[in-house]
Amino acid sequence: MSTLRRSLLPLIILLQLHILSGGPAAAKVPALIVFGDSTVDTGNNNYISTVIRSDFAPYGRDLRVGGGGGTSGQPTGRFSNGRLAVDFISEAFGLPPLVPAYLDPNADMSSLATGACFASAGAGYDNATSDLFSVLPLWKELDYFKEYAAKLRSFLGDDKTEETLSEALYIVSMGTNDFLENYYAVPSGRAAQYAAASDYAGYLLGVAEAFARALHALGARKLDLNGLPPMGCLPLERRAATGACTEEYNAVARGFNAGLRDLVARLDGGLGGGARVVYGDVYGAVADVLADPAAHGFEDVGAGCCGATGRFEMGYMCNSASPLTCADAGKYAFWDAIHPTEHLHRFIAERKMNTTLYEFL
C-alpha cells in the first residue's frame with residue numbers, strides 16, 4: 001500500500017463503515033481532468049515550442065512508479081524531482097499514479113480514459129500571461145479538452161463517455177504566473193491597465209468563473225478550483241538581502257483566494273445539474289509547512305534543492321551541470337526556485353484529500 005493510501009486509511013475505513021451501515025455509496029471518480037500551469041503540468045510543454053520546459057535531468061530524478069518495470073528517475077516534463085499533487089490525488093482515488101499529459105504521443109485513449117492533463121507550465125488565466133512564454137493559453141487547454149471528449153466518445157461510446165465526464169474530478173490550478181510573471185514583471189502590460197493588483201485579481205476571477213461555467217456546459221459536475229500559494233515565500237520571490245518573504249505578494253494571494261472562495265460558494269450553489277464545486281486551499285497547506293517545517297518533516301523551506309543557491313535556479317538553469325544540487329530533496333519544500341518538491345506535493349495532496357476532496361471518494 002502506498003504512503004498516501006496509508007495516510008488516508010482512517011478516512012477510507014470510516015467511509016466503508018458508513019456504506020456498510022446503510023449510508024449512501026461514495027461517489028465514484030472514474031477520471032481526473034487537469035487544467036492549469038506548472039504546478040499541475042505533467043508534460044505537455046515537452047511537445048510545444050517554448051523555453052518553459054523541464055524534460056531534462058535532474059528534474060524527475062526521484063520519480064518512482066511501477067516497481068522495476070515502471071517509470072524510474074526519468075524527466076517527464078513535471079517541474080519537480082518526482083510526482084505532482086495531481087498524481088497523488090489520482091492514486092488516492094484508485095486511478096493510475098501518474099496523470100498522462102494529453103499532448104504526449106505515447107498516451108493512448110486507454111490511458112487517457114482515466115485521466116488527462118491539459119495544463120501548460122507558464123500559463124495563466126490571462127491569455128497575455130501565456131503569450132509571454134508561448135505556452136498553451138487557457139482557451140487552448142479547453143479546446144484540447146473538447147477534442148479529448150470527442151475521442152473519448154469514439155473510444156468508450158456515448159453513454160460511457162457521458163458517465164465518465166460527469167463523474168470525473170476536474171482540477172484547475174493557476175494564477176501565480178498572472179501576478180509574478182505578468183502584473184509585477186511587465187509594467188507596460190496589465191499593471192498599466194489595472195492600477196491595483198486587487199483590480200487585476202477581479203479580472204482573473206471573472207476568467208475563472210467563465211472557465212468553470214464552460215466546463216459545466218461540457219459536462220463537468222465535480223470541480224476543484226485551487227487557490228494561490230503564499231507566492232511571496234517562493235525562493236525566487238524572497239528578499240535577496242534577508243531571505244524574508246515578500247509580504248505584498250502574500251497579501252495579494254490571500255485577497256485573490258478570498259475572491260475565489262466567494263466564487264466557489266456561488267458556483268457550488270448555482271451551477272445546477274448536481275454540480276459540486278470545492279475550493280482547493282493550497283495557501284494554508286504551504287503556509288503550515290513554512291511556519292513549522294520540522295513538524296511536517298522538512299528542514300529547508302527558504303531555498304530550492306537544485307543548484308548552488310536554490311534562490312534563482314529553475315528551468316534550464318536547473319540542469320545536470322548545476323553545482324551543489326542537494327542529495328536529499330525530501331528535506332526541502334522546494335525543488336527549484338519556484339516549484340515544490342515531491343515531498344511538498346504529497347503533503348498538499350494529502351491535505352486536500354482530507355479536507356475537501358474526500359467528498360468525492
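The model is predicted, and the values given here are computed from it. The largest pocket has a volume of about 550 Å³, while the second largest pocket has a volume of about 360 Å³.

**The largest pocket**
- The lining of the largest pocket is made up of 35 residues, and those that lie nearest its centre are Asp 37, Ser 38, Thr 39, Ile 338 and His 339.
- Several elements each supply at least two residues of this lining, namely the helices α3 (85-92), α8 (176-183), α12 (282-291) and α13 (342-355), together with the strand β3 (169-173).
- Sorted by class, the lining of the largest pocket holds 22 nonpolar, 10 polar and 3 charged residues.

**The second largest pocket**
- The second largest pocket, with its volume of about 360 Å³, is lined by 18 residues, of which Leu 98, Val 99, Pro 100, Ala 101 and Asp 104 are the closest to its centre.
- The lining of the second largest pocket divides into 8 nonpolar, 8 polar and 2 charged residues.

- Thr 161 is found in helix α7, which covers residues 158-167.
- Thr 161 counts as buried because its relative accessible area is 0%, and the cut-off for that term is under 20%.
- A polar atom of the Thr 161 side chain lies 3.0 Å from the backbone oxygen of Leu 152.
- When neighbours within four places in sequence are left aside, Thr 161 is in contact with Ala 149, Leu 152, Arg 153 and Leu 156.

Definitions and conventions: Residues numbered from 1 in each chain as written. Predicted model: local features only at pLDDT ≥ 70, side-chain atom pairs only at ≥ 80, totals over all residues. Heavy atoms only, no water. Helix = DSSP H or I, 4+ residues; strand = E, 2+ residues; numbered from the N terminus. Buried < 20%, exposed > 50% of the residue type's maximum accessible area, 1.4 Å probe, protein only. Polar contact = N/O pair within 3.5 Å; in protein donor to acceptor, adjacent residues only side chain to side chain. Contact = heavy atoms within 4.5 Å. 1 Å grid on protein atoms, 1.4 Å probe; cavity = no way out; pocket = protein on both sides within 12 Å on 5 of 7 lines; lining within 4 Å. Points joined across faces, edges and corners; volume = space filled by probe spheres on them. Nonpolar A, V, L, I, M, F, W, Y, C, P; charged D, E, K, R; others polar.
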